[in-house]
Amino acid sequence: MQDTLFILVQRLLKSNRIAFDKDELAFQIQSHPSYPSLHAITGVLDHFNIENVAADVPLNKETLVQLPDCFLAQINTDKGKDLVIVERKQLDYVVYNAHNKKEKYTEEAFLQKFTGIIVAVEKTEENVQPEKKSELAKFLAIGLLIGLIGFTLYQNSVNLYTLAFLLLSIVGVITSIAIVKQELGLKTSIGNAFCSGADDKKDCDAVLTSKGAEIIKGYKLSDLSVLYFSGLALLTLIQISNPTILYTISLLAIPITLYSIYYQYVVVKKWCLLCLSIVGILWLQATTPLITNTYITDFTVINYVALGIVASLTWLAWYYIKPLVTEVTDLRKEKIENIKFKRNYTLFESLLQKSPQLNTQIQNSQEIVFGNPNSALELTIVTNPFCGHCKPVHKHIDEILHRYSSSAKIKIRFNINTNNTEDNAVKITTRLIELYHEKGSETCLKAMDAIYEGENPEKWLQAYGACTQKELYILELEREKTWCINNSINFTPEILVNGRSFPKEYNRTDLIFFIEDLEENTQELVAIQ
């Protein structure tokens, strides 16, 4: 099944030359609680720090000219309103729908279809190439496989027909795996190329999920296709100098192709182009024995043994691999649904409201405040630089400040024992407060980043210096500590959202997903009051 929203956003980012991670993009879109709405798109773009704007613009030529060369838009179609990607090409507008179908319109024709709703993105210096998983192991495995195949071909006398037969088997394996992924709902380049498009007669999913696709209980045509082509490729390498048995097997596969065509045409009345490509590969392979007149009528014991070993190996391998692939796919789907449920703001808000509201104000406080001091949304972070669990929370606060610095007021409240004034925790926290008041929030945050990332305390003190007004800021630490004791906050980290404890049912790093809704909801409450 195609994820049309992902296809559109992917094209939008590619056209604007913005780097992204395909797997992560697909996951974030599908797990967004507003999926598949326009809000899901802007939410995911915000998640990746991609500058974007959603707007309802006037429908006139003057406005159209001011829009970027590529943007996502809503247009009227015969089936209703659809989201598309629009690319301006001189005076014309090229429209790509969710099935990658392209249409060209003049400016006047496009304005007639355009509803005015757009999402535009902008490439900035912050849009850096995301970190990619190391694929060294995969490339080494592929290189080793190619090397072994090349060595086998070099050591044996191979004619062009046998080489073409082997290559077709490899193509068959790749196509068969694409069919299996299509059945599991996974996106592939081959699947997108063959199965996308708004054609009433073409529907890969209808064919692959039909009853007739299962030949034997637990085994579909796609499974048999993987077994057949992988076994055939392996057998070709084993008997490459005498391919008689291979050519004969290819002739025996023809009846299956006739069944596939009949079933698609007569029963399902839909065509699966991936399945038809398998039929084409099988027919091409079957022409080899006909052209070369090379096939056998009687199988010898050696033929049976070789065929049995290869068939057993491929079946056993697939017997263990297929359930693992299916399980991983199911777990991913469950994870998407779980996160989608977890990010539901209504659920989060109901749990947040169950917590009693604390008075977070401290009289004559000189504590550190990041973000927008005038924001109605107040986050109070009770922390300690030497608390191991506080480190990921601080990193998360950095992310919130990076993306929502104008949306929230973030108070940093230290829960530090000040009995020993020579303790590193006291030295560093007093200096952090002093840095905040003397050199500003940016320097203070940089110093906090260093100590929370694990920098040696002595080295940190050498870099940022010792507190020059120690008594003044120890009094501040004592005020903050007293507040923690009075409110029964004995452990760090603790996050308070407008005075209410962050729900224990959530990971603390989930906070960033609710900042926009929290700000909006808080502003509404303030307006009512």
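## Helix α12

Helix α12 covers residues 254-268, 15 residues in total, and reaches 20 Å from its first C-alpha to its last, close to the 21 Å expected at 1.5 Å a residue. Helices here are DSSP runs of H or I with at least four residues, and strands are runs of E with at least two, numbered from the N terminus. The expected span is 1.5 Å times one less than the number of residues in the helix. This is a predicted model, in which local features need pLDDT of at least 70 and side-chain atom pairs count only at pLDDT 80 or more, while totals for chains, interfaces and linings use all residues. Residues are numbered from 1 along each chain as its sequence is written, and side-chain values use heavy atoms, with hydrogens and water left out.

Thr 257, Ser 260, Tyr 263, Gln 264 and Val 268 of α12 are buried. Buried means under 20% relative accessible area, exposed means over 50%, and partly exposed lies in between (1.4 Å probe, protein chains only). An α-helix has 3.6 residues a turn, so residues three or four places apart point the same way. The cover over the buried residues of α12 includes α9 (204-208) and α13 (273-292). Just after α12, Lys 269 has a positive phi of about 60°.

## Domains 1 and 3

The protein is divided into domain 1 (3-121), domain 2 (141-336) and domain 3 (355-528), with bounds from an automatic or database domain assignment. The centres of domain 1 and domain 3, taken over C-alpha atoms, are separated by 39 Å. Four residues of domain 1 are in contact with five residues of domain 3, where contact means heavy atoms within 4.5 Å.

About 390 Å² is buried between domain 1 and domain 3, and carbon and sulfur atoms give 35% of this area. Asp 46, His 47 and Asn 49 supply 80% of what domain 1 buries against domain 3, more than any other three residues. Buried area is the accessible area (1.4 Å probe) that two parts lose on being put together, summed over both.

## Arg 88

Arg 88 is found in strand β3 (residues 80-89). Arg 88 counts as buried because its relative accessibility is 18%.

A polar atom of the Arg 88 side chain lies 2.8 Å from the backbone oxygen of Leu 64. For the backbone oxygen of Leu 67, the distance to a polar atom of this side chain is 2.5 Å. Leaving aside neighbours within four places in sequence, the residues in contact with Arg 88 include Val 65, Pro 68, Asp 69 and Tyr 93.

How values were computed: A polar contact is a pair of N or O atoms within 3.5 Å; within protein, one must be able to donate a hydrogen and the other to accept it, and residues adjacent in sequence count only if both atoms are side-chain atoms.
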